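The following exercises concern a predicted model. Please work through each task before reading its solution.

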Amino acid sequence: MEIIPAKDRCRAYKCRNITQKHDHFIESLPASQVASTRNHFLLSATEYILQRLDMPDHINFTNLYARGHGLLISAYLPSTKWWATLVALIAALLVFILLFVETEITELLLSRRDRGLIKGTGMHWDLMLMGICTLICSVFGLPWMCAAAVQSLAHCGSLTVMKKAAPGERAEVDHVIEQRITTIGVSILIGLITLAGSYLRLPLASLFGVFLYLGVMNLSGVQLIQRIILFFIPSKYFPTTSYTEAVPVWRIHLYTTIQIGCLLVVYTVKHFKQTALAFPFVLMLFILLRQFVLTKVFTETEMKAVR
């Protein structure tokens, strides 16, 4: 969010101070005129400081001039640029790895054993659906779809029914209401929002607050976060889990430290534009690290316990 300079904020607040310092003059004016004048100043100050979502009032391409083509992308390629086909294949492989990993990670988080999902086989069609949608979007030059892990986990959490637990005990999942009505409704509402245009001017602060809430709430069920918390509490207060019972404490901390290091590597690669394209390669290296390096350090029982 852009930070407004202090001098501009002071200029906006002066609108309110003017009405407060000249109350003796304002009292001689009609009440309706006083109310309209004061509301005008206050609304101007609020609009000046509060940033809102800027949405267009029509549907069009984001940057039509930079796009360079119409609705369909031309498949024509000059014979002198045959090398572009090889470059495109490499880029397509990177995109495939990225979409595949993101989709599979979301599915793994959704299909955890403690959720008790019954209709889990339906998620196996996600990869085929992602492939079809990616093909269609590529033909029309539209943005590719993503798995939207945060929104998907929040949606699954809202449909989760918890068992009744005694005070002080941790509530367990009873069942998840597995249906498609809410997802269809969300998609329809998103489509209607695009038609709202300039009438929908939501404050950016409220939108960022919603995203922050969704992110923090979904961190509660991540095992990595739970194991990071174990760094700061004595071992006698550890919760009863599969990894605290089957894995020694120092080895739990060792595995968590390795994961934190991998997380920092991923963030560093994604943070800089020069290395952002190598993100799929980093994910592939993590797979090799998990299969061939960590298995030499940890036993099979420990690897299954810490996931």
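**Exercise 1.** Determine which handedness the crossing of H5 and H6 has, and describe how these helices pack.

*Solution.* Step one: the crossing of H5 and H6 is right-handed. Step two: two packed helices are described by the angle between their axes and the distance between the axes. Helix H5 spans residues 83-110 and helix H6 spans residues 126-140; their angle is about 145°, and their axes lie 11 Å apart. Step three: on the H5 side, the contact involves Leu99, Phe100, Thr103, Glu104 and Glu107, which meet Asp126, Leu127, Met130 and Thr134 of H6. Sorted by class, this contact holds four nonpolar, two polar and three charged residues.

**Exercise 2.** State how many cavities of 30 Å³ or more are counted, and identify what lines the largest cavity.

*Solution.* Step one: the count gives one cavity of 30 Å³ or more. The volume of the largest cavity is about 30 Å³. Step two: its lining consists of Val247, Arg251, Ile252, Tyr255, Phe298, Glu302, Met303 and Val306. Step three: helix H12 (249-271) and helix H14 (300-306) each contribute at least two residues to this lining. By class, the lining comprises six nonpolar, no polar and two charged residues.

**Exercise 3.** Compare the annotated spans 207-232 and 252-269 with the secondary structure of the model.

*Solution.* Step one: the unreviewed UniProt entry annotates residues 207-232 and 252-269, among others, as "transmembrane region". Step two: residues 207-232 are 73% helix and 0% strand, with end C-alpha atoms 32 Å apart. Step three: residues 252-269 are 100% helix and 0% strand, and their end C-alpha atoms lie 26 Å apart.

Conventions
Residues numbered from 1 in each chain as written. Predicted model: local features only at pLDDT ≥ 70, side-chain atom pairs only at ≥ 80, totals over all residues. Heavy atoms only, no water. 1 Å grid on protein atoms, 1.4 Å probe; cavity = no way out; pocket = protein on both sides within 12 Å on 5 of 7 lines; lining within 4 Å. Points joined across faces, edges and corners; volume = space filled by probe spheres on them. Helix = DSSP H or I, 4+ residues; strand = E, 2+ residues; numbered from the N terminus. Nonpolar A, V, L, I, M, F, W, Y, C, P; charged D, E, K, R; others polar. UniProt positions renumbered as here; feature names shortened; annotations may be inferred. Axes fitted to C-alpha atoms, helices over the stretch in contact; angles between N-to-C directions. Left-handed = near helix turned anticlockwise from the far one by under 90°. Contact = heavy atoms within 4.5 Å.
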